[in-house]
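Student: I am new to this structure and would like to learn how to read its features. Could we go through them together?
Tutor: Gladly; let us bring it up and begin with the surface.

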Amino acid sequence: MSEQSMPVPVTVVQGREVPDYPELAPEAARGRVLRITVTGEEVLHRVNADVPASMLGGAELARLVDDMFVTMYAAEGVGLAGNQVGVDLRLFVYDCPDDDGVRHVGHVINPVLDERDLDDAVVVESEGCLSVPGPHADLGRAEHATVRGLDRDGNEVVLSGSGYFARCLQHETDHTYGKLYVDRLSLRERKRVLKKMNEMADNVFARREERARELEQELAE
């Protein structure tokens, strides 16, 4: 039997396909793990400030993006918004596959989500959040999503995705406007999720600390 060729994994960085990419985004090696905020903290529940033009292209914003990448990896997440590390600025980072196995990596400053096409299907699937440590819940999201914004140098960014990546884009943009996925649940379901979170949080935090130590060793090699 002849050997079948294996498909080459596809990675899309900042909306553009690249020929190869490391297991962790390069930003992670420059970052430090930050504390992740938990639902109930004020910065998570209000519209955050736009990143000012004066920060674009600067060291402070670049350092924040680096820190957010390594923090996201330490928490084993696929996306992380600025207010999830206690910063009152509208941005997020992501490293997320779509339903076709394409890996999407990057960051968005001042993201704006396109209005949903009324003909686009709403898909109900399990969703979780690093700021609601532990539980997941079924939630409807649009099957496709497009987010527009800037990169940390001020260049325009347009990200489009479907399936799980579209869910990530919607979830993270929600964060920048002070909305968590639990805010979109029924009151009864939200209470169930928050109760479960209280039961699971200590184990989740312990796992994150362990993973942060592992990452530190991996990135030092």
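Tutor: Val47, Val112 and Tyr177 make up a nonpolar patch on the surface, and together they have about 270 Å² of accessible area. This is a predicted model, where local features need pLDDT of at least 70 and side-chain atom pairs count only at pLDDT 80 or more, while totals for chains, interfaces and linings use all residues. Residues are numbered from 1 along each chain as its sequence is written, and side-chain values use heavy atoms, with hydrogens and water left out.

Student: What makes a patch, and what is accessible area?
Tutor: Patches consist of residues with over 30% relative accessible area and no salt bridge; like charges are joined within 9 Å, and nonpolar side chains (Val, Leu, Ile, Met, Phe, Trp, Tyr) within 5 Å. The areas come from the Shrake-Rupley method with a 1.4 Å probe, and for residues only the protein chains shown count as cover.

Student: Where is Val47 found, and is Val47 buried or exposed?
Tutor: Val47 sits in the loop between α1 (27–30) and α2. Helices (H or I, at least four residues) and strands (E, at least two) are DSSP runs, numbered from the N terminus. Val47 counts as exposed because its relative accessibility is 52%. The cut-offs are under 20% relative accessible area for buried, over 50% for exposed, and partly exposed in between (1.4 Å probe, protein chains only).

Student: How many salt bridges does a search of the whole structure find?
Tutor: The search finds 20. A salt bridge is a side-chain nitrogen of Lys or Arg within 4 Å of a carboxyl oxygen of Asp or Glu. In one of them, the side chains of Arg141 and Glu127 meet at 2.8 Å, N to O. Arg141 is in strand β7 and Glu127 in strand β6, 14 residues apart, so this pair links distant parts of the chain.

Student: Which helix holds Asp174, the residue that pairs with Arg141?
Tutor: Asp174 and Arg141 meet in a salt bridge of 3.0 Å, N to O. Asp174 lies in helix α3 and Arg141 in strand β7, so the pair ties together parts that are 33 residues apart in sequence. Arg141 counts as buried at 4% relative accessibility, as does Glu127 at 3% and Asp174 at 10%.

Student: Which residues are linked in a network of salt bridges?
Tutor: Glu76, Arg207, Glu210, Arg211, Glu214 and Glu218 are.

Student: How do I read a pocket?
Tutor: Rolling a probe the size of a water molecule over the atoms shows where empty space is left. On a 1 Å grid over the protein atoms alone, a cavity is a set of points where a 1.4 Å probe fits but cannot get out, and a pocket is an open set with protein on both sides within 12 Å along at least five of seven lines; lining residues have an atom within 4 Å of a point. The largest pocket here has a volume of about 460 Å³. Of its 24 lining residues, the closest to the centre are Gly77, Gly128, Cys129, Leu130 and His136. β6 (122–129), β7 (132–142), α3 (163–176) and α4 (187–220) each supply at least two residues of that lining.

Student: What about the second largest pocket?
Tutor: That one holds about 220 Å³ of space. Its lining residues include Val33, Phe205 and Arg208, and α4 gives the most to this lining, with 4 residues.

Notes
Points joined across faces, edges and corners; volume = space filled by probe spheres on them.
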